[in-house]
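This report describes selected features of a protein structure. Please examine the sequence and the structure before reading further.

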There are 2 protein chains.
Amino acid sequence: MDAQLKRGLLDVCVLAAIKNEDSYGYKIIKDLSEYIKLSESTLYTILKRLEGGGMLTVRSAEHFGRLRKYYHITKSGINRIEEFKSEWKEIISIYEFVTKEDNNE
Amino acid sequence: MDAQLKRGLLDVCVLAAIKNEDSYGYKIIKDLSEYIKLSESTLYTILKRLEGGGMLTVRSAEHFGRLRKYYHITKSGINRIEEFKSEWKEIISIYEFVTKEDNNE
DNA sequence: AATATATACTTCGTGATATGATGTATTATG
DNA sequence: CATAATACATCATATCACGAAGTATATATT
């Protein structure tokens, strides 16, 4: 997928990945990979940004001796997803504009 | 609209704006404003980038004493729009992932 | 036993890019 | 005669995705 197009979708994908149950970095990448690929560096950057923006909270947990950071969505994070749904109407109209065939030839 | 989301759509919107007939900066902004807002600095940056990528060609013309640069889409530019149409399927599946309600509560 | 792979998180540098601010110049409007 | 509209250009800035490289443990393979 086009890199620029991806940018607008990543944040919201990550939020969607933790929407129904808390998750952690590695799992988020796996869960999203079906829809959108992202590297670890990208993910952790996004998670930090979303945390800074109050969209999620973090909790560290020991899992078989390995550290895990579980991410939990907040009210703001859920609002962000709702915002995306609203924006979707605009995106659809843009799609229609871009793809409409004009018969003035 | 979310700034990041916009990024992925701008290039293709500009191409769509000159798809059916050559156009120039100011007119492109006006024509697109119904769907997506962009400043002059943004537009000219994009036009230069698209020109550099061979997506369009430029021709200067005098219009009532004022300079106008007319932009003409190339085969590559048209291909770029077609690419966007292909990517659309992925975007739809992402949208569905993000918005699907999960009943594990 | 040694090696490779999977899991898991972190930091750094780079390149791409949208945008506001600012500038130049002409024409139309009030 | 001043203001708005038309028209293009440049610069500095902030945001951001990503590859590369690093640290560390557990499991599978040879």
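This is a predicted model: local features need pLDDT of at least 70, side-chain atom pairs count only at pLDDT 80 or more; totals for chains, interfaces and linings use all residues.

## Helix α1 of chain B

At Leu9(B), α1(B) bends by about 40 degrees. The helix is mostly covered, with twelve of its 17 residues buried; among them are Leu5(B), Gly8(B), Leu9(B) and Ile18(B).

## Strands of chain A

Strand β2 (residues 56-63) of chain A pairs with β3(A) in the antiparallel sense over eight bridges. Within this pairing, Glu62(A) has Leu67(A) as its bridge partner in β3(A). The two strands form a hairpin with two residues between them, and Phe64(A) in the turn has a positive phi of about 50 degrees.

Strand β1 (residues 23-24) of chain A also pairs with strand β3 (residues 66-73) of chain A, in the antiparallel sense and over two bridges. Here Tyr70(A) in β3(A) is the bridge partner of Tyr24(A). Arg68(A) lies over the face of Tyr24(A), at 3.8 Å from the ring centre.

## Aromatic pairs

Over all chains, the structure contains eleven aromatic pairs. The rings of Phe97(A) and Tyr35(B) are stacked, because their centres are 4.5 Å apart and their planes are at 25 degrees. This pair crosses between chains, from helix α4 (residues 75-99) of chain A to a loop of chain B. Phe97(A) counts as buried at 12% relative accessibility, and Tyr35(B) counts as buried at 19%.

Phe84(B) and Trp88(B) form a tilted pair, 5.9 Å centre to centre. They are four residues apart in helix α4 (residues 75-99) of chain B, and therefore separated by about one helical turn.

Key:
Residues are numbered from 1 along each chain as its sequence is written. Chains are lettered from A and ligands numbered from 1 in the order in which they are written. Side-chain values use heavy atoms; hydrogens and water are left out. The bend at a residue is the angle between axes fitted to the seven residues ending there and the seven starting there. Buried means under 20% relative accessible area, exposed over 50%, partly exposed in between (1.4 Å probe, protein chains only). Two strands pair if DSSP finds at least two bridges between them. Rings of Phe, Tyr and Trp (its six-membered ring) pair if their centres lie within 6.5 Å; planes under 30 degrees apart count as stacked, over 60 as edge-to-face and the rest as tilted. A charge sits over a ring if NZ of Lys or CZ of Arg is within 6 Å of the ring centre and within 35 degrees of the ring normal.
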